[in-house]
Amino acid sequence: MVLDTLAVQPTDVLIEFGTGTGTFAIRAARCCAQVYAIDVSEAMLDYARAKAARAGVSNILFCHAGFLTYAHEAAVVDAIVTSLAFHHLPDFWKGVALKRLNRMLRPGGQLYLSDVLMEERNALQTIATFIEQQAAAGEDFLREDAERHFREEYSTYDWILDGLLSRAGFTIQHKHLYSGVFGRYLCIKAEEAAL
Ligand SMILES: C[S@@+](CC[C@H](N)C(=O)[O-])C[C@H]1O[C@@H](n2cnc3c(N)ncnc32)[C@H](O)[C@@H]1O
């Protein structure tokens, strides 16, 4: 779905931040020229490298770094993707990271960002409902995971993310909020990045 949304071409170069076990990077690598898969966790990268090798995919460059530290030395890229990782940054650092990501993209390049985030209306009730749904699906494990997320991590309001994206030089092309606590954005690097 992400690859279709981005209309990825065989010549495209992508960066994925927070690649985790590499599922998206491996799928993407099969239909583009090169993927840079970035994660702060060596354990995740080891797992993802092994998975890519088993899948026979060799055009992924795995890199131990994060949103705030990855230095992209190669040419600007066509698209950046990040899923369920951006909430690890507090809002000030989200802004810093988005400006860094913007500089890694070619003019007109795309950013696909999906994460846990909240609409302001009824936010507390929505979070409580989500935690109950997780508990129903996975008992204590998923309940505690969801509670920890909202207690200790940095999911924010969608309107804050809207502002951070536009201030970092992105135009929001499409935004979809769903299930109360999730959102997806497709953004384009604006012509005149207000950096
Ligand atoms: C919940 S996993 C999501 C993995 C994958 N993107 C997915 O959707 O399945 C979050 C990933 O983000 C990584 N991560 C956490 N902080 C990060 C940072 N500052 N920069 C890059 N990746 C980070 C974690 O190591 C982890 O692999």
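Q: Which element gives the most to the lining of the largest pocket?
A: α5 gives the most, with 7 residues. Elements are DSSP runs numbered from the N terminus (helices H or I, at least four residues; strands E, at least two). Residues are numbered from 1 along each chain as its sequence is written. This is a predicted model, where local features need pLDDT of at least 70 and side-chain atom pairs pLDDT 80 or more, while totals for chains, interfaces and linings use all residues; side-chain values use heavy atoms, without hydrogens and water.

Q: Which other elements supply at least two residues of that lining?
A: Besides α5 (123–152), they are α1 (2–6), β1 (13–17), α2 (23–29), β2 (34–39), β4 (77–83) and β5 (105–116).

Q: Where does the largest pocket lie relative to the domains?
A: It lies between domain 1 (2–117 + 155–189) and domain 2 (119–153), because both give residues to its lining.

Q: How many residues line the largest pocket, and which lie nearest its centre?
A: The lining has 39 residues. Nearest the centre are Gly-18, Ser-83, Leu-84, Ala-85 and His-87.

Q: How much space lies in the largest pocket?
A: About 850 Å³.

Q: Switching to the ligand: how many residues surround it?
A: 15 residues do (a heavy atom within 4 Å). Gly-18, Asp-39, Gly-66, Phe-67 and Ser-83 are the closest.

Q: What does Asp-39 do at the ligand's oxygen?
A: A polar side-chain atom of Asp-39 lies 2.5 Å from an oxygen atom of the ligand.

Q: Which backbone atoms lie by the ligand's nitrogen atoms?
A: A backbone N or O atom of Ser-83 is 2.9 Å from a ligand nitrogen. A polar backbone atom of Gly-18 is 2.7 Å from a nitrogen atom of the ligand. Taken alone, the ligand exposes 600 Å² (Shrake-Rupley, 1.4 Å probe), and the protein buries 74% of that.

Q: How many cavities of 30 Å³ or more are there?
A: The count is 1. The largest cavity holds about 40 Å³ of space.

Q: What lines the largest cavity?
A: Its lining includes Phe-86, His-87, Lys-94, Asp-115 and Tyr-154. β5 gives the most, with 3 residues. By class, the cavity lining has 6 nonpolar, 3 polar and 2 charged residues.

Q: What counts as a cavity or a pocket?
A: On a 1 Å grid over the protein atoms alone, a cavity is a set of points where a 1.4 Å probe fits but cannot get out. A pocket is an open set with protein on both sides within 12 Å along at least five of seven lines. Lining residues have an atom within 4 Å of a point.

Notes
Points joined across faces, edges and corners; volume = space filled by probe spheres on them. Domains from an automatic or database assignment. Polar contact = N/O pair within 3.5 Å; in protein donor to acceptor, adjacent residues only side chain to side chain. Nonpolar A, V, L, I, M, F, W, Y, C, P; charged D, E, K, R; others polar.
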